[in-house]
Amino acid sequence: MAYEMNFQPVLSRAPELIEGTIATIELSAKSIVVGLAVGLVVALGRHDGPRAVRTLATVYIEMFRNTPLLVQLFLLFFGLPFLGLRLSADEAAVIAISLNLGAYSAEIFRAGLAAISKTQVEAALALGLSKLQAMRHVVLIPALKVIYPALTGQLTLTVLGTSIASAISASELTLAGARIESSTFRSLETFLVLAAIYIAITIAFRILYALVGRLLFRRKVPPPSMRAASAFDKKEARA
Amino acid sequence: MIQDFGTDGVIFLARGLMWTLGLSVATFLCGGILGLIFALGRSLGPRWIRLPIATYIELVQATPLLIVVFLSFYGLPFFGLYLPPLAAASLALTLYATAFLADIWRGCIEAVPRTQWEASEALGLSGPETLRHVIMPQAIRISLGPTVGFMVQIVKNTSVTALIGFVELTRAGQLLNNQTFQPFHVFITVALMYFAICYPMSLWSEKLKEKRNVDSTAH
């Protein structure tokens with residue numbers, strides 16, 4: 001007996017789906033802003049901080065990269081209250097996802113910092129560029145260009161990872177879907193609709209990354225040493 | 001009855017860890033076989049094969065793993081296919097791993113310079129011979145680092161199946177927490193168990209990537 005799909009009960013809950021979508025985008029945006037800031041600070045600390053800071057940064061990065069996000073969420077949400085720090089589900093979600101992204105992006109930023117060669121900066125200064133100009137045109141933008149594919153790949157994983165926050169009932173799309181599923185019993189249709197919305201969100205974010213990339217890298221061709229490094233990084237970043 | 005988190009608890013978690021490892025191995029084997037076929041089809045197949053595979057990879061990579069897991073656990077019964085959590089978990093993780101491994105390995109196959117194909121043809125090797133003796137040995141060496149890196153992701157991703165009630169390490173932690181009410185101790189132990197598995201693999205992956213970089217600059 002073939003199963004007849006009926007999307008009507010799910011689609012009639014559109015307001016909840018839209019609310020969930022907005023909540024997911026909000027959670028993603030907050031986590032990306034905080035996570036990238038954490039990642040940059042940690043990467044700089046690991047790159048040329050004192051020994052103690054470098055060790056601390058390494059421990060943080062390895063702890064968060066080698067344990068599942070779900071366990072990190074549980075620790076923050078269920079574990080911290082026992083140490084006297086009670087977080088709401090939404091706060092715990094932002095903090096856990098930010099710390100997770102922070103660890104991954106720190107590694108990516110480190111690769112960017114490593115790609116800057118000192119001689120390039122010296123050459124730029126010798127050509128009469130000011131320190132600020134050299135920083136911008138020779139250091140930051142080319143370094144960012146090298147890591148941009150890896151970075152945006154990681155951001156996509158982070159956005160999709162927000163669905164896991166439904167496990168602690170943080171408000172986002174998967175939780176909204178689970179509520180619809182449990183009251184309509186249209187499981188297949190509900191999760192198909194959710195998949196479609198997530199795919200749309202991912203595409204929207206990718207378009208945004210492409211636009212930002214265009215704005216940032218509109219002029220410069222990166223120096224040859226960096227071009228060689230960037231081709232393979234993109235594939236590796238997904239691994 | 002409230003128990004204290006002690007040796008019994010650790011043994012219970014260790015049993016969950018076994019399931020995590022079993023599920024990871026099954027996922028890597030099934031996803032690896034499918035991923036290899038997809039990678040070859042994607043990089044070397046005709047257009048009508050390349051296009052559906054590319055679409056599959058893009059769609060899976062744009063969907064959260066949790067939704068794939070929910071679809072196979074809650075969705076498939078509607079087609080008369082009732083899967084127990086273990087089977088649903090394996091299926092979902094395999095579908096997911098296939099997409100990522102196919103993408104990684106496609107990159108590795110395409111990273112072997114085109115001239116190697118031309119040289120092999122000039123030497124009189126057939127297409128399959130070239131693939132077997134010239135391209136794959138090089139592609140496999142390139143792929144080792146990223147593949148081990150993705151194995152770490154697989155181990156961590158199995159935790160998501162806790163949310164459909166499959167009792168692996170994370171779910172075991174939830175159950176134990178419900179009995180002991182010591183979430184901090186329980187989940188720190190769970191995290192350390194994951195770390196003990198994943199960290200050595202991450203180090204190994206980095207080593208393999210470094211080795212490859214040294215090799216490629218030496219040539």
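User: Where in chain B is Gln182(B) found?

Analyst: The model is a predicted one, and chain B in it has eight helices and zero strands. Two of these helices are α7 (169–180) and α8 (183–218) of chain B, and Gln182(B) is found in the loop between α7 and α8.

User: Does Gln182(B) count as buried or exposed?

Analyst: Leaving aside neighbours within four places in sequence, Gln182(B) is in contact with Asp4(B), Phe5(B) and Asn177(B). The relative accessibility of Gln182(B) is 18%, and the cut-off for a buried residue is under 20%. Gln182(B) therefore counts as buried.

User: What are the relative accessible areas of Cys30(B) and Cys198(B)?

Analyst: Cys30(B) counts as partly exposed, at 40% relative accessibility. Cys198(B), by contrast, is buried, and its relative accessible area is 0%.

User: What percentage of the residues in chain B is buried, and what share of its accessible surface belongs to carbon and sulfur atoms?

Analyst: Chain B has 219 residues, and buried residues make up 51% of them. The accessible surface of chain B comes to about 10600 Å², and the share belonging to carbon and sulfur atoms is 67%.

User: Among contacts in chain B between residues at least 6 apart in sequence, what percentage joins residues at least 24 apart?

Analyst: The elements of chain B run α-α-α-α-α-α-α-α from the N terminus on, and the C-alpha trace spans about 75 × 45 × 25 Å along its principal axes. When the contacts in chain B between residues at least 6 apart in sequence are considered, the part that joins residues at least 24 apart is 75%.

User: Turning to chain A, which residues is Leu99(A) in contact with, leaving aside its neighbours within four places in sequence?

Analyst: Leu99(A) lies in helix α5 (residues 89–115) of chain A, and with a relative accessible area of 25% it is partly exposed. Its C-alpha atom is separated by 9.3 Å from that of Leu36(A), which is 63 residues apart along the chain. Leaving aside neighbours within four places in sequence, the residues in contact with Leu99(A) are Tyr60(A) and Phe64(A).

Notes:
Residues are numbered from 1 along each chain as its sequence is written. Chains are lettered from A and ligands numbered from 1 in the order in which they are written. This is a predicted model: local features need pLDDT of at least 70, side-chain atom pairs count only at pLDDT 80 or more; totals for chains, interfaces and linings use all residues. Side-chain values use heavy atoms; hydrogens and water are left out. Helices (H or I, at least four residues) and strands (E, at least two) are DSSP runs, numbered from the N terminus. Buried means under 20% relative accessible area, exposed over 50%, partly exposed in between (1.4 Å probe, protein chains only). Contact means heavy atoms within 4.5 Å. Accessible areas come from the Shrake-Rupley method with a 1.4 Å probe; for residues, only the protein chains shown count as cover.
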